[in-house]
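Good morning. I will go through one chain today, from its confidence values to a few single residues.

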Amino acid sequence: MTDSEPGAGDREDPLTELCDLCGVVISDSTEVYSLVRDSSAIHAHDSQFDGKRMIVACSPEHLDELIRQFKRRPFVEDDLWAGKIARVMQQHPEGISVEALAEEASLNVAEVGAGVRWHNREFLRWPAEFGEGGDDRGDDDR
Ligand SMILES: [Zn+2]
């Protein structure tokens, strides 16, 4: 019943990766990985990986630089909660009660509130910082 034909199982597709720092294509398996804390990193479906980001670099030097950059970024719990909420919302396009949302996101209602406020703040901040395309900035000349 066992099929032990040599070569049947060794399909080692050469995976290409991109250095997260310099963007170089790494196709010779010399890339190096690390796991960093990142409050905006939300796993597609497994919450135990939330807040952790896998980074890949072309060299130990670039990996060190990436780790330094992530260490400088603040870990914001509201940001993490907002991501957890967004993941649950995606599964409920028809809408969901705040209690059910909290339960599915493994948060309490206060945390859901904080996450939603964070999301709304970020949502509002974007056009405020980067503009919405036009350069006629208001007509409040007084
Ligand atoms: Zn690099």
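This is a predicted model: local features need pLDDT of at least 70, side-chain atom pairs count only at pLDDT 80 or more; totals for chains, interfaces and linings use all residues.

Residues are numbered from 1 along each chain as its sequence is written.

First, confidence. pLDDT is the predictor's confidence in each residue, from 0 to 100. For this chain the mean pLDDT is 85, and 78% of the residues reach 70 or more. Among the elements, helix H1, residues 60-72, has the highest mean at 97, and helix H4, residues 109-130, has the lowest at 84. Residues 1-11 stay under 50, and for them the model has 1 contact beyond four places in sequence. A contact here means that the C-beta atoms of two residues, placed from the backbone, lie within 7 Å.

Next, the layout. The chain has 4 helices and 4 strands. Both are DSSP runs, numbered from the N terminus: helices are H or I with at least four residues, and strands are E with at least two. In sequence order the pattern is β-β-β-β-α-α-α-α. Of the contacts with a separation of 6 or more, 56% are between residues 24 or more positions apart.

How many of the 142 residues count as buried? The share is 17%. The rule is that a residue is buried if 20 or more other C-beta atoms lie within 10 Å of its own, exposed if 12 or fewer, and partly exposed in between, with C-beta atoms placed from the backbone.

Now the helix pair. Helix H2, residues 77-91, packs against helix H3, residues 98-105, at an angle of about 110 degrees, and their axes are 9 Å apart. The axes are lines fitted to C-alpha atoms, for helices over the stretch in contact, and angles run from 0 to 180 degrees between N-to-C directions. H2 and H3 are therefore roughly perpendicular to each other, a label for angles of 65 to 115 degrees, while under 35 is roughly parallel, over 145 roughly antiparallel and the rest oblique. On the H2 side, Lys 84, Ile 85 and Val 88 meet Leu 101, Glu 104 and Ala 105 of H3. By class, that contact has 4 nonpolar residues, 2 charged and no polar ones. Ala, Val, Leu, Ile, Met, Phe, Trp, Tyr, Cys and Pro count as nonpolar, Asp, Glu, Lys and Arg as charged, and the others, Gly among them, as polar.

Last, the single residues. Ser 106 sits in the loop between H3 and H4. Its phi is near 55 degrees, a positive value in a residue other than glycine. Ser 106 is exposed because 12 other C-beta atoms lie within 10 Å.

Ser 29 belongs to the loop between strand S2 (25-26) and strand S3 (32-37). Phi of Ser 29 is also positive, near 60 degrees. Is Ser 29 buried or exposed? It counts as exposed, since it has 10 C-beta neighbours inside 10 Å.

Pro 60 is in helix H1. From Pro 60 to Thr 30 is 30 residues in sequence and 10.0 Å in space, C-alpha to C-alpha.

Leu 18 lies in strand S1, residues 17-18. With 14 other C-beta atoms within 10 Å, Leu 18 is partly exposed. Leaving aside neighbours within four places in sequence, Leu 18 is in contact with Gly 23 and Val 25.
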